[in-house]
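Reader: I've got this one open on my screen and could use a guide. Can you walk me through it, one piece at a time?

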Amino acid sequence: MAPPSDRNGCARRRVLLLPLPYQGHINPMLRLAAALHARGLAVTIVHTETRAPDRRNLPAGYELVVVPDGIPPELAASNDIPSFVFALNRNCEAPFRDILTGRRALREGEEAAGEGEAGRVVACVVADVDWFAPLAAARELGVPALALMTSSAARFRVYLAYPRLCEKGYLPVQESNLDTPVDELPPLLVRDLHVAMDTARHATYADLLDRIVAGVRQSSGLILNTFDAIERADVEHIRRETSTPVFPVGPLHALSPAAAAPVQQSSVLPEDRSCLEWLNTQLPGSVLFVSFGSLVSIDADEFLEVAWGLAGSNRPFLWVVRPRLVRGRDSVELPGELLEETRGRGKIVGWAPQEEVLSHPAVSAFVTHGGWNSTLESMSRGVPMVCKPCGGDQLGTTRYVCDVWKVGIRVEVEDKLTREGIKAAIERLMDSKEGGVIRDRMREMCDVVSKCTTKGGCSDLALQNLVDFINLS
Ligand code: UDP
């Protein structure tokens, strides 16, 4: 049967993709858009006004619809993720319904299609798992809706298990049970679950996870930015528990060519590409790349401990110090004494082209917060990790990186983060026999990622299954 045409006479089936407007969620969704587009589907990115990409930077063939979100800038800039996500779902459900019912145009500057038309044009919706209201709206309007989990399968298992974890007393987390193993989710300890300790925030978070899981259970399927070779058991578990089709298509950044995905252009902050020139002046395998992702904030004294730890490592380093990395501060200066000590071997930028940096031969290791995208990006380049997780999924990911896949080392923190802890972790990775084994294992991991994502590999096949599923839906 010939594929249906949309109203522009195009034979491609159209997929609407809704990223959550955080960098760590936008990047994998845009990479998924690129992968689907490369396999013959037409893509429309439906984005909130908050952090909307510039349409002039989108590759040919992409459509962008920006919907009003009514989010106050203070909320968008805050780290109150549950409140932000609830507000987005509340405010964007109606404009999203309008797109699906044809009351809002699918293309900028065009007339709306008219009642009932868009259902014919749109083959499928792919929304971040956090978009529970649009997922429900699509379902109600009879449009197949798939959810994308941008973090790990293990993290989604935490979401699924959440009510049971509360019943069994693991949650809310208390000081006294931090080192208790979570029997239902090995190898995680209670401290790795990272959820709010105070009751009010815990309740809001529980409510959010409840809606996310309900949305996924009722969706047409779940897309995971992971791959069988590292999380097969977790993926299988999710399949059994949700009774929904599950597509482990990751790492998404490795599946779709960078040029086809407008990731750089949709950076929330402007990239400082001078760091690539600086890397060109450094010896191969010498530089520590240091970045704590797009959201984490640390205290000023922790920041200084990291700085002195890097100085003490006696290695060149490239450090991303973005606005609000130090809690409450738009910018931060290093003390003169420290600048003197690291002169010529320390480069600081506000935002880096991370994937290009990790691919650079001068980079030897990644000092990271253990964000899921950063972890996958590091694995696909074979760059071993020094993990300093700060919260959220980073704690569980660090557990897997260091104790299961054994491709990184955790910064040991007793009461608080110290310069000695940073320096010791770097030295363990770079100078010890144990570190040598970890570095070798990360090189092997790079080959595994490559096999999974090339033709016939597990992620390539999962992506084809997903495309077939969309085409048949
Ligand atoms: N990133 C980047 N430049 C930087 C820092 C981060 O391009 O200087 C990108 C990085 O490549 C990754 C994303 O931002 O794709 C961060 O996502 P991650 O899941 O690692 O962490 P989060 O920001 O969600 O905590």
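Author: E9 and strand E10 (residues 346-349) run parallel to each other, paired over 4 bridges. Here helices (H or I, at least four residues) and strands (E, at least two) are DSSP runs numbered from the N terminus, and two strands pair if DSSP finds at least two bridges between them. Keep in mind that this is a predicted model: local features need pLDDT of at least 70, side-chain atom pairs count only at pLDDT 80 or more, and totals for chains, interfaces and linings use all residues. Residues are numbered from 1 along each chain as its sequence is written.

Reader: Which residue in E10 stands opposite Trp 319?

Author: Look across the parallel E9 and E10 pairing. In E10, the residue opposite Trp 319 is Ile 348.

Reader: Are the side chains on the two faces of strand E9 buried or exposed?

Author: In a regular strand the side chains alternate between the two faces of the sheet. Strand E9 (residues 317-320) has Phe 317 and Trp 319 on one side, with Leu 318 and Val 320 on the other. Using the cut-offs (20 or more other C-beta atoms within 10 Å of the residue's own is buried, 12 or fewer is exposed, in between is partly exposed, with C-beta atoms placed from the backbone), all four come out buried.

Reader: Now the ligand. Which helix gives the largest share of the shell around it?

Author: The shell has 19 residues, and Gly 24, Gly 293, Ser 294, Gly 371 and Ser 374 come nearest (near means a C-beta atom, placed from the backbone, within 6 Å). Helix H1 (23-38), helix H14 (354-359) and helix H15 (372-381) each supply at least two. The largest share, 4 residues, comes from H15.

Reader: How far apart are the C-alpha centres of domain 1 and domain 2?

Author: The bounds, from an automatic or database domain assignment, are 14-265 + 455-472 for domain 1 and 274-431 for domain 2. Each domain gives the ligand shell at least three residues. Their C-alpha centres lie 28 Å apart.
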